[in-house]
Amino acid sequence: MLGRTDEVLSVSGLTKRFSTANSVLTRMLSGKNRRHVVHAVEDVTFSIGRGSTLALVGESGCGKSTIARCITGILAPTSGTIDFMGVDMGQAHSGRALRAHRRHLQMIFQDPYASLNPRWRVGRIIAEPIVTHRLLESRAKVEARIEDLLLLVGLSAQDAMRYPHQFSGGQRQRISIARALASEPDFIVCDEPTSALDVSVQAQILNLMRRLQERLGLTYLLISHNLAVVAHMAERIGVMYLGRIVEIGEAGTVLASPLHPYTRMLLDTLPDLEMRRRHRPPLKGDVPSPLAPPTGCAYHPRCPLANVRCTHERPQPINTGGVVVACHAVAEGRASQAAMLRTPPS
């Protein structure tokens with residue numbers, strides 16, 4: 001039985017590492033059997049309140065999708081806890097307990113075409129969660145539920161007889177949303193739900209998701225690299241860099257007054273439509289490899305405010321005006337220098 005709590009999801013100390021080994025050919029030629037560890041997610045902590053949206057943003061490879069897959073049970077975490085509606089997901093990774101959780105937790109994937117079975121008609125695709133979780137008894141009730149879901153996402157009842165390839169990208173994502181809603185979930189993980197769509201269609205899907213959230217009381221975890229999408233959808237934002245959350249807080253505060261230098265860098269990549277010609281410092285270096293993350297603060301090789309302390313001591317999260325940030329410059333009061341970097345030259 002699922003617990004009752006204002007926090008639908010609470011993640012604490014989540015860590016996910018992947019172990020890799022050299023190929024068979026490399027081992028034969030070199031005589032060495034080296035194993036490497038990919039530090040995909042490191043000590044991530046956050047929570048999401050009922051009916052709200054938390055967005056995780058960051059560059060590709062920062063660990064956002066790995067977190068999504070750990071939460072949904074696709075991947076098992078290396079360590080840490082994932083508390084979903086009062087139940088530890090780590091204790092529900094088998095049999096009936098896992099199935100009961102998956103009814104209340106669904107996922108919308110990045111590529112709607114790849115996530116839909118091309119050999120199934122749309123009606124069967126949407127019906128799968130209903131049948132799997134045995135939510136309705138008769139075939140007539142299942143067909144009526146399929147029709148209701150199609151209408152709910154802006155499609156027609158006749159679309160149940162068609163195949164995924166007969167729809168546009170935006171329509172296929174609507175089908176994916178209908179399938180996610182079929183089990184009457186409380187929580188939906190949205191992994192880049194609009195990045196594979198045309199710009200003209202993205203706003204339609206986002207508006208549909210917001211309407212469904214208000215109507216059904218849904219809770220979202222939104223994975224995105226697009227800050228425009230995040231600003232439209234999320235109440236809270238978590239900024240990730242190389243597997244760690246470096247800043248998290250209310251969306252309006254983080255976007256208007258970012259504290260971490262990496263968050264400022266992300267915002268500086270947005271087009272300046274007002275042509276204010278503010279000074280934008282050039283980026284330094286490349287994103288480090290998760291196989292060998294830097295010591296200390298992972299962002300220090302690219303940070304304009306890095307000092308010796310940043311190179312060897314990992315910053316601990318501190319709460320500053322409701323925003324939790326992990327940055328020595330903020331803790332030491334040097335963050336004002338970062339603010340000066342964003343001001344236009346006199």
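Contact here means heavy atoms within 4.5 Å. By that criterion, residues 24 or more positions apart account for 68% of the contacts in the chain with a separation of 6 or more. The model is predicted, with local features needing pLDDT of at least 70 and side-chain atom pairs counting only at pLDDT 80 or more, while totals for chains, interfaces and linings use all residues. Residues are numbered from 1 along each chain as its sequence is written, and side-chain values use heavy atoms, with hydrogens and water left out.

The chain contains 13 helices and twelve strands, where helices (H or I, at least four residues) and strands (E, at least two) are DSSP runs numbered from the N terminus. Of the 346 residues in the chain, 46% are buried (under 20% relative accessible area, with exposed over 50% and partly exposed in between; 1.4 Å probe, protein chains only).

Helix α4 (residues 122-132) packs against helix α5 (residues 139-152) at an angle of about 110°, their axes lying 10 Å apart. Axes are lines fitted to C-alpha atoms, for helices over the stretch in contact, and angles run from 0 to 180 degrees between N-to-C directions. The angle therefore makes α4 roughly perpendicular to α5 (65 to 115 degrees; under 35 is roughly parallel, over 145 roughly antiparallel and the rest oblique). On the α4 side, the contact is made by Val122, Gly123, Ile126, Ala127 and Ile130, and on the α5 side by Val142, Arg145, Ile146, Leu149 and Leu150.

Helix α5 deserves a look of its own. Its 14 residues reach 20 Å from the first C-alpha to the last, close to the 20 Å expected at 1.5 Å a residue; the expected span is 1.5 Å times one less than the number of residues. Val142, Ile146, Leu149, Leu150 and Leu152 of α5 are buried. These residues lie on the same side of α5 because they cover an arc of only 155° around the axis, the arc being that of the directions from the helix axis to the C-beta atoms. Their cover includes α4, α6 (169-181) and α7 (199-216). Just after α5, Gly154 adopts a positive phi of about 90°.

Positive phi values also occur in residues other than glycine. Met85, in the loop between β4 (79-84) and β5 (87-88), has a phi near 55° and is buried at 1% relative accessibility. Glu192, in the loop between β7 (187-191) and α7, has a phi near 50° and is buried with a relative accessible area of 10%.
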